[in-house]
Structure formats: structure tokens, C-alpha cells
Amino acid sequence: MSVEEPEAEGPVAEWPSDWMRAVLGIFTLRALEQGASYGYAIIAELEANGLGTVKGGTLYPLLSRYESVGFVSVEWRPGDGGPGRKYFSLTKRGRIELDRTRSEWLRFAAIGSDFLNTARTAETETP
């Protein structure tokens, strides 16, 4: 039985779903940091940045929860000859949440990376 090695760099088509569930919230807030956007554009931005494909059925309930807790506001904008789109914008509360979770995530990722690298070093040093 052979195990394929993951590519060292470059986008991954699909990350483990557990990982995506854990970080989709912060990534979504980050995608809205530069300004209002709509669901499809958020999904496209996440994918373009190597974070995999997120289904609308996963993203929209999250955005709805974020609207109900005040992290995002919603505005309907008319479409050009088609149906309108629902645009989501970060609120002040959403920006505070993004700053808080970004800081915590970066700290967690650094500690996790140190731990993983330490484990690798210990394994290679064992005779």
C-alpha cells in the first residue's frame, strides 16, 4: 500500500472538512475585511487563496448566524438585468471579532507549528 505525499506548496483542492469547519468563520470575516461582498464572491475569494471550495449550503448559514449576532450587516442590491444580490458587510462588532480571532489563530498556529516541528526533530534524532 502506498501513501501519496502531499504537494509541498500550492493550493490544495480540498482541505479536511474538520479543518474547514474550524476556520471558515475567521476566513469569511477576513474575506469581508476589504468591503461588502456576496456569497459567490466570498466563495471564489476563499478558493482563489488556496482555501478550497466552500459550498453555499455551508457559507450561507454561517453568514446568517453572523448577521444574527451582529458581526455582519446585510444589504440587497439590485442586479444588472437580473435578480439582486445580498451583500454582507462587516460591522464594528464583526471587525472586533475578526481582530480577536485573527490574533488567537496566529498564536495557536505558531504554537501548533512549533509542536509539529519539534515532534519531527525528536523523531529524526532517535537512534
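In this predicted model, helix H3 (residues 56-69) comes out with the highest mean pLDDT among the elements, 97, while helix H4 (residues 92-125) sits at the lowest, 89; pLDDT is the predictor's per-residue confidence on a scale from 0 to 100. Helices (H or I, at least four residues) and strands (E, at least two) are DSSP runs numbered from the N terminus. For the protein, mean pLDDT is 88, with 83% of residues at 70 or more. Where pLDDT is low, predicted coordinates should not be read in detail.

On the strand side, S3 (residues 85-90) runs antiparallel to S2 (residues 72-77), joined by 6 bridges, and antiparallel to S1 (residues 37-38), joined by 2 bridges; pairing takes at least two DSSP bridges between two strands. Phe88 in S3 is the bridge partner of Ser37 and also stands opposite Val74.

The largest nonpolar core holds 21 residues, of which Leu32, Ile42, Val54 and Leu59 touch the most other members. Such a core is a set of buried (under 20% relative accessible area, 1.4 Å probe, protein chains only) Ala, Val, Leu, Ile, Met, Phe, Trp, Tyr and Cys residues joined through side-chain atoms within 4.5 Å. Beyond its neighbours within four places in sequence, Leu32 contacts Ser37, Ile42, Leu63, Val72, Phe88 and Leu90.

Residues are numbered from 1 along each chain as its sequence is written, and side-chain values use heavy atoms, leaving out hydrogens and water. Local features need pLDDT of at least 70 and side-chain atom pairs count only at pLDDT 80 or more, whereas totals for chains, interfaces and linings use all residues.

Technical notes
Buried means under 20% relative accessible area, exposed over 50%, partly exposed in between (1.4 Å probe, protein chains only). Contact means heavy atoms within 4.5 Å.
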